[in-house]
Amino acid sequence: MSVLDENIGKASDYMAGFREKGVLNHIGGESVPAVSGAMFETVSPVDMSVLAQVAKGAEEDIDRAVAAAKGAFADWSKMPGAERRRILIKVAEAIEARAEEIAFTECMDTGQALRFMSKAAIRGAANFRFFADQAPSAEDGQVTRTPTQMNTTSRRPIGPVGVITPWNTPFMLSTWKIAPALAAGCTVVHKPAEFSPMTAKLLVEIAESAGLPKGVLNVVNGFGEDAGKRLTEHPDIKAIAFVGESRTGSLIMAQGAKTLKRVHFELGGKNPVIVFDDADLDRAVDAAAFMIYSLNGERCTSSSRLLVQESIYDDFTARVAEVAKRIKVGHPLDPETVVGPLIHPEHEEKVLSYFEKAREEGATIAAGGEKIGDQGCFVAPTLFTAATNDMTVAQEEIFGPVLTAIPFTDEDDALSIANDVQYGLAAYLWTNDLNRAMRMTDNLQAGMMWVNSENVRHLPTPFGGVKASGIGRDGGDWSFDFYMETVNVSFPRASHKIPKLGG
Ligand code: NAD
């Protein structure tokens, strides 16, 4: 039996429970169907087979989940941080113990390749460990003194929060939002993306089996316009942590306005990788290709615009095209696969429409530019050359393994092209000139920049974007600032003069 066949068999075994019982909501520690009884299908983009029926939550399900989160808040938020830490470390261990199940399920539900997803659970567990370790000190603040007063600040968990996540790498992303919320003492209602509901259910089950009290984490499946919308409007939800498209972020901001919702947005990107002719070009080729063709290009920080200095443009893009043509596209559970199927036929159609658009607007298709096979959502790793920054394929987030290469003349030209998009999530810069790197990073409009490196994550650093790419930062202590309220209490150090009025 081939490794692929063996993996397909294992995945089928792992998902048997979902096939038989469906992917139910999880409220107050119980697996429950939607109040209406409605279900929808989750299909595998590998072959469009139905993986499971999913509870189609709506307003009443969100209301129940919020009531559960509100009920659990008093105990969870008052639990000593060290005790929350102990439980969350156990959650991390339980995630690691089921890493293969999480990875295989995620591959089948999303189409992401196993070579990347095998690390998803490990990274998810790392998120839990990192934020758990900060739970004991999350409340800490500072003391500031005047001659007469002593001010003490501290932080308190804001309350039950809503977490709304997208379908690309859903497990890892969910832990990135949920772990700090729980470590801060908040309780959570999670609304996973409708295209990829499975691993959110695994997460809550794993967390409760590791000791997370019932009601602290609740999951309601369903669509954005009903379940998602209600969550953002619910008066008992104090903040919404959202990861998804920029235009959904705008909707959520409007929906949350009436209840003055605090929002944290991690949104879209059209991130440039800028390559100067003095760079280490061998490394730059590998990094540029990795950052667009890994994770199916369905990655907010993907380097989807390749800006190359004119003098090396033809040679460099030819090398990237060669890499793109050699990449193995295939079944996500094949260990050799780099690019799996895109998440869903709707998304595939969107990505394919850009191939047409690029041709119409005069770009050259140097690699890919076509669908592969007639079963499943497979598209070829694609490179557009001879592109200009005003083309649709240079401006819009395609969210697939599709790279648009644009030449530039000098630093000023590179900067103006790099910044001339609505987004500002990440930027990658390749040059061996330190002064140039300083000038460029001072002026690039991006929340995160990597010099001569691909996206090497470090959890204590701030993660987030500027412009249409987001509001707020995650990572380090920034996550706690979002999930907690800072309060100040002032005590007298001496008997200061209080003005007497009316006497
Ligand atoms: P999406 O915005 O369509 O959906 C994301 C989530 O929002 C889903 O759970 C959906 O059901 C929900 N939703 C939709 N409409 C809603 C509404 N009106 N009210 C409340 N919830 C609603 O995004 P997607 O297509 O699932 O994901 C891809 C997008 O996510 C890309 O733009 C990508 O760049 C972005 N993303 C950003 C980051 C980041 O860190 N910046 C990370 C990953 C993905």
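Lys191 counts as buried at 3% relative accessibility, where buried means under 20% relative accessible area, exposed over 50% and partly exposed in between (1.4 Å probe, protein chains only). Even so, the side chain of Lys191 meets that of Glu194 in a salt bridge, at 3.1 Å from N to O. The term salt bridge stands for a side-chain nitrogen of Lys or Arg within 4 Å of a carboxyl oxygen of Asp or Glu. The model is a predicted one, so local features need pLDDT of at least 70 and side-chain atom pairs count only at pLDDT 80 or more, while totals for chains, interfaces and linings use all residues. Residues are numbered from 1 along each chain as its sequence is written, and side-chain values use heavy atoms, with hydrogens and water left out.

The structure holds 25 salt bridges in total. Another one pairs Lys201 with Glu205, with 3.5 Å between the closest N and O atoms. These two residues are 4 apart in helix H9, which puts about one helical turn between them; helices (H or I, at least four residues) and strands (E, at least two) are DSSP runs, numbered from the N terminus. Lys201 is buried, at a relative accessible area of 2%, whereas Glu205 is partly exposed at 29%.

Then there is Arg439, which forms a salt bridge with Glu411, the closest N and O atoms being 2.8 Å apart. Arg439 sits in helix H17 (residues 434-443) and Glu411 in helix H16 (residues 411-419), so this pair ties together parts that are 28 residues apart in sequence. Arg439 is partly exposed, with a relative accessible area of 39%. Both residues also belong to a network of salt bridges that links Asp278, Glu411, Arg436 and Arg439.

Back in helix H9, which covers residues 198-209, there is also Glu208. What does Glu208 do without a salt bridge, and how far away is the nearest side chain of opposite charge? Glu208 is buried, and that nearest side chain, Lys214, is 6.4 Å away. For this count Lys and Arg are positive and Asp and Glu negative, with His and the chain ends not counted. The side chain of Glu208 does join that of His26 in a polar contact of 2.9 Å. A polar contact is a pair of N or O atoms within 3.5 Å; within protein, one must be able to donate a hydrogen and the other to accept it, and residues adjacent in sequence count only if both atoms are side-chain atoms. Setting aside neighbours within four places in sequence, Glu208 is in contact (heavy atoms within 4.5 Å) with His26, Gly29, Lys214, Gly215 and Leu217.

As for cysteines, the structure holds 0 disulfides, a disulfide being a pair of cysteine sulfur atoms within 2.5 Å. Cys377 is buried at 1% relative accessibility, and its sulfur is 15 Å from the closest cysteine sulfur, that of Cys107, which is too far for a bond. Cys300, by contrast, is partly exposed, with a relative accessible area of 22%.

Ser44 lies in the loop between strand E3 (39-43) and strand E4 (50-55). Ser44 is buried, its relative accessible area being 0%. Apart from neighbours within four places in sequence, Ser44 touches Ser49, Leu51 and Met108. The C-alpha atoms of Ser44 and His344 are separated by 7.9 Å, although the two residues are 300 apart along the chain.

Two residues other than glycine carry a positive phi. One is Ala386, with phi near 55°, in the loop between strand E15 (382-385) and helix H15 (392-395); Ala386 is partly exposed at 40% relative accessibility. The other is Lys467, with phi of about 50°, in strand E20 (residues 466-467); Lys467 is partly exposed too, at 36%.Zooming out to the whole chain, the secondary structure comes to 18 helices and 22 strands. The radius of gyration is 24 Å, close to the 23 Å that the globule rule gives for 503 residues, so the chain is as compact as a globular protein of that length. That radius is taken over C-alpha atoms, and the globule rule is 2.2 Å times the number of residues to the power 0.38. Along the principal axes, the C-alpha atoms fill a box of roughly 80 × 60 × 35 Å. Buried residues make up 58% of the 503 residues. Of the contacts between residues at least 6 apart in sequence, 74% join residues at least 24 apart.
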